[in-house]
Amino acid sequence: MALTYEIIPPEAGETNCRIVFTNDDPYVVHERYIRAEFDANGMYLSDPTLEIVRQLGNGIASKIAKGVIVPTPNTEEEEE
């Protein structure tokens, strides 16, 4: 089981990051949104956000292992 993630930073005026977690075996794609971290000037801070994502990933990996988050069904497009 290898869980990876992609962080999509917030657009201008937004405060949430979209996180896409992908697990290889079983195949799971799981999305979450988290509040992004910003400095006093309103600049996005990637390091604190990354730490939050890592912690969240540990919980998601545990839920996948326990079957709480179930495998993502394959679609016809993915099979082609």
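Guide: A salt bridge is a side-chain nitrogen of Lys or Arg within 4 Å of a carboxyl oxygen of Asp or Glu. The model here is predicted.

Visitor: Which residue forms a salt bridge with Glu31?
Guide: A search of the whole structure finds one salt bridge. Its closest N and O atoms are 3.3 Å apart, and the cut-off is 4 Å. The pair joins strand S3 to strand S2, 13 residues apart. Glu31's partner is Arg18.

Visitor: Is Arg18 buried, partly exposed or exposed?
Guide: Buried means under 20% relative accessible area, and exposed means over 50%. Arg18 has 31% relative accessibility, so the residue falls in between. Arg18 therefore counts as partly exposed.

Visitor: Which elements give two or more residues to the largest nonpolar core?
Guide: That core has 10 residues, among them Phe21, Val28 and Ile60. Nonpolar side chains tend to be buried together in soluble globular proteins. The contributing elements are strand S2 (16-23), strand S3 (28-35) and helix H1 (46-66).

Visitor: What does Ile60 touch, not counting residues up to four places away in sequence?
Guide: Ile60 is one of the residues of the largest nonpolar core. Two of its contacts, Phe21 and Ile69, also belong to that core.

Visitor: What is the radius of gyration of the protein chain?
Guide: The chain has two helices and five strands, in the order β-β-β-β-β-α-α. For 80 residues the globule rule gives 12 Å. The chain is well over that, so it is more spread out than a compact globule. Its radius of gyration is 15 Å.

Terms used:
Residues numbered from 1 in each chain as written. Predicted model: local features only at pLDDT ≥ 70, side-chain atom pairs only at ≥ 80, totals over all residues. Heavy atoms only, no water. Core = buried A, V, L, I, M, F, W, Y, C linked by side-chain atoms within 4.5 Å. Buried < 20%, exposed > 50% of the residue type's maximum accessible area, 1.4 Å probe, protein only. Helix = DSSP H or I, 4+ residues; strand = E, 2+ residues; numbered from the N terminus. Contact = heavy atoms within 4.5 Å. Rg over C-alpha atoms; globule rule 2.2 N^0.38 Å.
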